[in-house]
Every structure is written in C-alpha cells, then in structure tokens.
Amino acid sequence: MNNNQRKGKTKALMARFSLDGHDRGLLSVMSSFKDAGIEVVYTYFSDPHELAKVAQEEDTDVIGVTSSMGQHFYVASTLLEALNERGINVPIIMGGVIPTRDVSQLMDMGIKKVFGPGSAPGDAVDFISELPKA
Amino acid sequence: MFSKKTLDTVNEMMKGWENEIEEVYKKKLKFGCPQFSSESGIPLKYVYTPDDIEDAEPEMPGAFPYTRGNRALGYQYMPWMIQLLHGYGTGEETRERTKYLIREGMKGYGETPAVLFAVDTPTHCGFDPDSPKARGMVGLGGVNISTLDDIDTLLKDYDLPKTRVADNIRFTCLPFLAMYVVYAETRGHKPEELNGQSQNGLGNRCLTTNLPAPTPDAQYKLEIELIKYSCQNIKRWNHTNLCGYVFGEMNVTPTQELGIVMSKAVDLVEGGIKAGLKPDEFVPRFSSQVHLGMDFFEEIAKLRAWRRMWAKIMKERFGFKDPRSLQYRIHVHTAGSSLTSQQPLNNIARATLQVLACVLGGVQSMHTNSYDEAIGLPSEEAVRTAIRINQILLNETGIPHVTDPLGGSYYLESLTDKVEEEAGKVRAEIESRGGYFECIKNGWLRQLLEKQSIKWRQEVDSGERTVVGLNKFTIDEEEEVPAFTLYQPEIEAGIIEKLERWRANRDNGKVKDSLERVKDAMCGYDIIEKAGILMPALIEAARARCTLGEMMEAIVESSGGRIYST
C-alpha cells in the first residue's frame, strides 16, 4: 500500500449505471480496494446528477464507474457535466468493456484513466494510491 | 457391470501400474505427482478402470434416467438447433442480422427459422425508451421493444406458426408474451398456433445482473402466471428456461450451477401444482440454458447428469409418469466468461472445444459465442465463424453419427456420478435454507455468486488459474480487432420519436382503463392458487395498445415496486 502522502484513508465512490448489470469486474475491484485499505462507497445511479450528489456528500477522493454495454461516452460526458455544475473536481476512472480506440477520446474528455478488459484490479489500486489527495 | 474375474484382473493390473508410479516416477524421476481436481473441486485420479463404475447400471438412450439422451436416436434423426442470440440498435438492424444468420445456417428443428433475439436493458426492466431511466441505454445490448409495431418490425417477414420465436427478456416476459399474442392476432393467428420460448427467469436475472426487478414474491407469481397461461393456451410454447448460464457467468462451478437450477425447478413445479396445473400439462415444457465452460470432461458429465437428475427428481420426488415430464431438453450457451479480449482469435479454439463438449453431451440446441464478443457486439464475419464451427462438427467430423459416444467410459461415467452427487448436495443445502426463491430473499444466493466471481479473479491474478493470453502466453502488441459500434444517441432519438407517434395514435382513455385492470388483477393475485388472472388483463392492455413499459409499471406498482438484489 502506497499511502505515505495521505493523511486519512482514501475514499473511492464506485458506481454502476443502474441499467448495466455487468458488475463482476466491479465486485473484484471493490474487493481489492478494501484489501488495500481504500474505503469504498458503492452506489447505482440512473441519473449522473445523483452520483455527483453522492460524491459531494461523501467527499470522495476518486470516482470509479463501470460501463460494459457501450454507454461509456454517455456516462463520461453526463457525469463530468454534473460534477462541473457542482464545482467538484474529483478524478474519474472507468472500467468495463471499453474498446481501446475509445480510450484516448475518454481521456481527452477528462477521464483520468481507463481500465479495459484484461486490466487487473491491482492496476486500479496502484493508480489510486499514487493520486494526490484532494 | 463386470464379472468378478474381470475385476480381479483389473486389480492385478492396477498393482503393476501403481508400482510403476511409485518406483519410476516418484523414486527414480523424483516427480512430485500433482493432485488435480475438476472445476467443481472433484478430485481426479490419473486413470479410471472398470473398478470405478462397478456399480453402474446398463442404460440405453431414450430410457430412464436418460443420462445417454432423451430419445432412442440422437443427432442421426435430428441435428441440434443452431440458435444465436442476437439483437442491437433498431428493429430494422436486428431484422437484417436475423436474416443474415438464417442465411448462414441459424435454424430450429428441421428447417424452422429460429429468431432468438436479445433486448436492451430498458426493455428487460420495463422502462419505455422515453423514460428518464432509459437515457443512454436504448438499443444497447439488444433491440428496444415497447410497442406492437416494434414486434412487427422484427417479425413481419416470418410465418409465425412456422417460426420459433424466443425472446431473451429478463423481467418483462409477461407483457411481451401478451403483446406477442396480440400481434399474432392482428396477423390472423390464434395463440395455440404459436411456437417459441419465454425466458421466464425473473429470479435468476435479478440475482445475476442486479437490475431493477420486481420483488422476489412478485417474481415467483409472475413466473407461475406465465407457466399457467402458456400451458393452457399455447401448447407448443416452452414457458420456462431454467437458466444456469447466468450463474456460470458469475463463476459458480458446474455442480453449483446444476444444483441451483434443480432447486429452482422444484420450487416452480410445486408452484405449478398449487396453481392447479396437472404435471403433464406443464412439466414437459421446462428446459434449460446451460453454461458451458472450459473444463471439458466435467462439462460433458454435467450435461449427462443434468438429464439424469431431472428425471430422478420428477419421477422419485414428484411421482410423475409421463416420459415427456422426465425427459429434459438442454440449450447451451458457450461461456462468455471464458472469452478473452486479448488475442481474440484464440476464442475460436475455445468455442470449438465447447461445442464439441455439447455434442458429446447430447444437447438439443446451442448458441456459440463469436470470437470478438469480449470486445463488443459480434461482427458478421465473427458470427458466421461461430455458425461454421457447428457446421464443421456436424458435416465433416462424423462425431454426431453415434449417440453418447463416451457412454461407458470409466472416467466419464464415474465423473457423471460424482457431478450428480455434488450437485445434489448444493440442492439439498438450498432446500434446507427454504428453497430457491427464499435464498434470493435472504441473500444467500447472491452472496455465493459474489464470492465465486471474486474468487475467480483472485485465482487469475495469483496465477493459480491460467487464462491463455490474459495471464500467461501474453504478447506485447495486441492485435486490434475492430469493435462493432453503434451511434447510440441517434438510435435512441429515432426510437423515442416512433414511440411518441404511437402514443399519439391511440385511445388514451382506453389505455388508462386497461392499465387499471392490470393493477386490479395483480393486486387480486395474492396467492399462487389464483394464478391465471393477470395474463388476460395484460392481453386486453396490449389490445388497447399499451406499451411494454406501461404494463410493467402497472405490475410493479401493485406488487411492492422495484428492488435491487444487494
């Protein structure tokens, strides 16, 4: 665990769009986060504004969203917009089934990192551990 | 099964074999003999002998307990159905894909066209495309269906009584079936002429995909209602897919999958009887979509044990006598979870082995995954290759010429017994906890699924489990396979526009009244014994041009709303 630069426990808001039932990857990632001492808040959302509200209330250090049905651009753009409206600047990471060729566009939009198929949960743990604490 | 003389000879031979392992491998070569076990944890020996099946009873295909097959002849008489689950975007796009698949070889029994279509999640859950809940998801993962027009777009080119129509729908099976019956009516067909399959697996889907679902009590009632309606009105309709696939995708083991499905079967058979059905009216129309993973022999054993277990439960526990109630039909979906997005062509090898296991296990029908399905929706070329795997096995290898070709194998027969035994333990455990639907309510099943899927990932990460191309035999530069993509916002807008026109062209007073009657029926359906009152109200609602979402809303509103399983 690389948590030296932090004061408290890192808090990750993990989220799944309520109409995308693919949650196997997310379950593994959340389990690895907990093992690494990261506090996990898990929520479903049907409207990105709900998610932004939770992010604000819970004061999370990072938001992890999963998308496996091709809605990644929709989720990314509406979520970034909702966070922006509330003036929240929390790094977002995405996982799930996301084609490689879409990754650079997602990063351009403002997504911090994309973990596509084949990424190990440990990759996300390492990435979060190195984020500067908000 | 063997004479004493044979068994004595075997024992002598075994001593020599054991001695060689001891003296040559362990002592001389210092080989640390590994202990292997099956995917379900059944310990495996290095070799099997007549000794392992000493107690086995001789059995023929077409005779109880049907381990070797339901009928005297297998693929010699009827090749398996090649059914590919498909659907995306608009109805027009999906219809074109159906045509393409049929042209390339997708079919039901004989020359019957099979239309096995997937729907998007708003349709699964019963949110019309203009609902805020559906935003961003319309047309993804399947076709959107909310009106009779949408069904017409998919099916207008087919002669309905001669077409096998199977909707892969999670929670809205009843509203869809009502709409399909009414759609057929507009084309001059009576319900009894229709032929196809409902999923009717609300409970499974709520557990494994964790989408907004009706409450467990409502799920059970809706499943029984569909069974009762279809048995009494659409004799050829396969009312329930006792689906194991979705559990396999959450990494339950083959024996867990079988045990869970059989526990659900028991709950539903008991419910059907309570609802006033005679066993032989509804039991023969159960079937299963089975998950076919990578443990080759255990999967074959599972398919054989599946039939045997069903036959024994129905005969010994329920006392059913009609052979049709004892013979179990199996559709397989090759494991999506076994596919890798890395080196995707490797998936053709995986699918080939899985299809081979299905054929050796004697299944009735198969969906073969395309090699690019870990990347996105399959391309035309990839689905064609998936169909070709079936056609190569069927036409080039000679494998289907002999029924149950592995029957009598010391190893496979012994493994079939073990799989049956282990699956029986899983079923007994679920029953001791109150049965399948109770284990949805108390969270036990969901916990098992989460545990299994996390365990799988940990085994991959630690290297304990090998997935070629993912954690072993990897390459530095992954070849880029073009991902099939849709421009979703445009599709969604077009579908919403169509729905608005639909709503503008109907008598909305009639819509409101008929939805009230659906709510009354659902409220009145307070005990299973009253099954049969909801479907007529849904059919009336479909005639009044209610949408799928409106009907589902009326159902959930009067049965405790929607839930998530965790």
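Two residues count as being in contact if their C-beta atoms, placed from the backbone, lie within 7 Å. On that basis, the contact between the two chains takes 26 residues from chain A and 31 residues from chain B. This is a predicted model, in which local features need pLDDT of at least 70 and side-chain atom pairs count only at pLDDT 80 or more, while totals for chains, interfaces and linings use all residues. Residues are numbered from 1 along each chain as its sequence is written, and chains are lettered from A and ligands numbered from 1 in the order in which they are written.

What does chain A bring to the meeting point? Helices (H or I, at least four residues) and strands (E, at least two) are DSSP runs, numbered from the N terminus. Helix 1 (24-35), helix 3 (72-85), helix 4 (100-109) and helix 5 (121-129) of chain A each give two or more residues to the side that touches chain B. The largest share, 4 residues, comes from helix 1 of chain A. Sorted by class, this side of chain A has 11 nonpolar residues (Ala, Val, Leu, Ile, Met, Phe, Trp, Tyr, Cys and Pro), 5 charged ones (Asp, Glu, Lys and Arg) and 10 polar ones (the others, Gly among them).

Now for the sheet in chain A. Strands of a sheet pair through backbone hydrogen bonds, either parallel or antiparallel. Two strands are taken as paired if DSSP finds at least two bridges between them. Chain A has an open sheet of 5 strands in the order 2-1-3-4-5, with parallel pairing. Strand 2 (39-45) and strand 5 (113-115) of chain A sit at the edges with a single partner strand each, so one side of each has no neighbour in the sheet. Strand 3 (residues 62-67) and strand 4 (residues 92-96) of chain A are joined by 5 bridges, and A:Ser67 stands opposite A:Gly96. Helix 3 of chain A lies across strands 1, 3 and 4 of chain A, at about 155° to strand 3; such angles run from 0 to 180 degrees between N-to-C directions, with axes fitted to C-alpha atoms, for helices over the stretch in contact.

Over in chain B, strand 8 (residues 286-292) has 7 of its 7 residues buried (20 or more other C-beta atoms within 10 Å of a residue's own, again placed from the backbone), so this strand is largely enclosed by the rest of the structure. B:Phe286, B:Ser288, B:Val290 and B:Leu292 point one way, and B:Ser287, B:Gln289 and B:His291 the other. Strand 8 of chain B pairs in the parallel sense with strand 9 (residues 329-334) of chain B over 6 bridges.

Terms used: Buried ≥ 20, exposed ≤ 12 C-beta atoms within 10 Å, placed from the backbone.
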